[in-house]
Amino acid sequence: MPVALSLANLPKLPDGVGRPAYARSDLAPGILHFGIGNFHRAHLQVYLDRLMNAGRDHDWAIVGAGVTPYDVKMRDALRGQDLLSTVVEQSAEKSSAHVTGVMTDFLPPMDGAAILKQLALPATGIVSMTVTEGGYFINPATGAFDPANPAIKADAANPDAPRTVFGLILAGLRARRAAGVQPFTVMSCDNVPHNGVVAMNAVAGLAEAQDPKLAAWIRGNVAFPNAMVDRIAPATSDRERAITRDEFGIVDAWPVFCEDFIQWVVEDHFPAGRPAFEEVGAQFVADVTPFEHMKIRILNGGHAIIAYPSGLMDIHFVHEGMADPLVRAFLTKVETEEILPILPPVPGTDLGDYFQLIVRRCDNPKIGDTIRRLCFDGSNRQPKFIVPSIADRLDRGLPVQGLALESALWARYCEGTTDSGKVIEPNDPSWDRLQAQAKRAKADPAAWLEMKDIYGRVADDAGFRDAFAGWLNALWADGTAATLGRFLDGGSM
């Protein structure tokens, strides 16, 4: 019989399922994390679980926090199983499951008073976050903090009752400064270029509207290390719950499925202390920039290259997209001819080997990663994962045919129907805007590039504009498969 996940039932878990070697009573919180989602539980919590299983850093347990309705659902699910999570790691050949127990509390989401109390505690040495690429209140075209965002303006006007992650962090830092307590380190775990700098600009930018002296103190005294994080952890559905129950004998309301690959490269800037993550596989470096470029441009950019043609051809899973000869060849051609050649060297890494690793990861049929997930939130992802490569190539006078086709595929996808006529349900926080522009762009491709907050200066380049227009017209006239075939045969616009 399957075992319901709980602290009391840990000894009853089936043989072969890993479980904590530490007791919950031995743990003390040292990290407050905003955004307890699948990626966090498959990444930061896994590293910490490894350390604690080795008998290390039991005073760095995690307290969960959140500011969205999603966090309420996650908290309800996890509290029903004593904050334990089943992590199912899957390679193409095998799967394994282990239970992590590094979280000791999950504060009521949107309960500002409870969150601020935890932030003010001297024992809280790290405040980490996974708030998604779109959660940093930045202008996509410039990368600058956007103080005019309504949520930020509301927090600026109500510093004692903040509702955003950054408003809460700012209030916590203000309280610690007033009490003479060392500031905590703010650690972003999101796929955002220079995520530490972006997080600092959000916190200090909000402070500017309240107290410029506090903003200056934050920039001079609070650590915001940049980090590159990597692990594929798709959304949990009834499929994953059933596998956890039927194959591993565990009833888990919200199990985490992920690939067996995991990577974390982070700048070693933690004045308030940190767990010894380097002992369990994390890599601490002085400058994360080259690793960051590699991952964001090759992996995340590659995901976009796979996503939109697959979505338009009604392909459901990522590994199925990789099995399509046109999609696979499109990925290979754009990566090897347009992305890899403009990347700076990465210490100890061969970029060609890294790309082949990405291919193997995307080939993995066990993950069940969906094309729809890869297509999600293009309005925030494209300016970070694709547009910078376009800009770099244009600056060097290099062609951008493949990247222009990727942009055209995204525009075609946002029109809201696949090549077969199936409706694409809204798949972006800005879907209404994107769909309106995409419909206009069917007759006038230049309309799509009017979104300067996404494309910035590349929208003004005649070569890119012409290539984009030609490929978008071809997609509407001939369909995705024929257009990919034309590109792969050496065609250009």
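## Around Ser407

Apart from residues up to four places away in sequence, Ser407 touches Gln382, Ile386, Ile390, Trp448, Tyr455, Phe464 and Phe468; contact means heavy atoms within 4.5 Å. The model is a predicted one, in which local features need pLDDT of at least 70 and side-chain atom pairs count only at pLDDT 80 or more, while totals for chains, interfaces and linings use all residues. Residues are numbered from 1 along each chain as its sequence is written, and side-chain values use heavy atoms, with hydrogens and water left out.

Ser407 sits in helix 17, which covers residues 401–414. Helices (H or I, at least four residues) and strands (E, at least two) are DSSP runs, numbered from the N terminus. Is Ser407 buried or exposed? Its relative accessible area is 0%, so Ser407 is buried. Buried means under 20% relative accessible area, exposed means over 50%, and partly exposed lies in between (1.4 Å probe, protein chains only).

Leu403 is also found in helix 17. Leu403 counts as buried because its relative accessibility is 0%. Leaving aside neighbours within four places in sequence, Leu403 is in contact with Val334, Glu338, Ile339, Ile386, Ser389, Ile390 and Arg393. Leu403 and Pro212 are 191 residues apart along the chain, and their C-alpha atoms are separated by 42 Å.

## The whole chain

There are 21 helices and 13 strands in the chain. The radius of gyration is 23 Å, close to the 23 Å that the globule rule gives for 493 residues, so the chain is as compact as a globular protein of that length. This radius is taken over C-alpha atoms, and the rule is 2.2 Å times the number of residues to the power 0.38. Along the principal axes, the C-alpha atoms fill a box of roughly 65 × 60 × 40 Å.

Of the 493 residues, 58% count as buried. Among contacts in the chain with a separation of 6 or more, 75% come from residues 24 or more positions apart. The accessible surface is about 18500 Å², and carbon and sulfur atoms hold 53% of this area; such areas come from the Shrake-Rupley method with a 1.4 Å probe, and for residues only the protein chains shown count as cover.

## Nonpolar cores

A nonpolar core is a set of buried Ala, Val, Leu, Ile, Met, Phe, Trp, Tyr and Cys residues joined through side-chain atoms within 4.5 Å. How many residues does the largest nonpolar core have? It has 71, and those with the most contacts inside it are Ile298, Trp448, Tyr455 and Phe464. Helix 10 (residues 289–312) supplies the largest share of this core, 11 residues. Apart from this core lies another, of 40 residues, including Val102, Phe106, Val266 and Phe284.

Tyr455 is in contact with Val387, Ser407, Trp410, Trp448, Leu449 and Phe464, when its neighbours within four places in sequence are set aside.

Val265 belongs to strand 12 (residues 263–267). With 0% relative accessibility, Val265 counts as buried. Not counting residues up to four places away in sequence, Val265 touches Asn226, Ala227, Met228, Gln283, Val285, Val288 and Phe291. The C-alpha atoms of Val265 and Asp230 are separated by 8.9 Å, although these residues are 35 residues apart along the chain.

Gln90 is in strand 4, which spans residues 85–90. Its relative accessible area is 4%, so Gln90 is buried. Beyond residues up to four places away in sequence, Gln90 touches Ser95, Phe257, Cys258, Glu259, Asp260, Asn364, Lys366 and Ile367.

## Helix 6

Ala171 lies in helix 6 (residues 165–179). Ala171 is buried, with a relative accessible area of 9%. Residues up to four places away in sequence aside, Ala171 touches Leu116, Pro159 and Pro162.

## Two loop residues with positive phi

Asp82 has a phi near 60°, a positive value in a residue other than glycine. It is found in the loop between helix 3 (69–79) and strand 4. At 29% relative accessibility, Asp82 counts as partly exposed.

The phi of Asp377 is near 60°, again a positive value in a residue other than glycine. Asp377 is in the loop between helix 14 (371–375) and helix 15 (378–385). Asp377 counts as buried because its relative accessibility is 3%.
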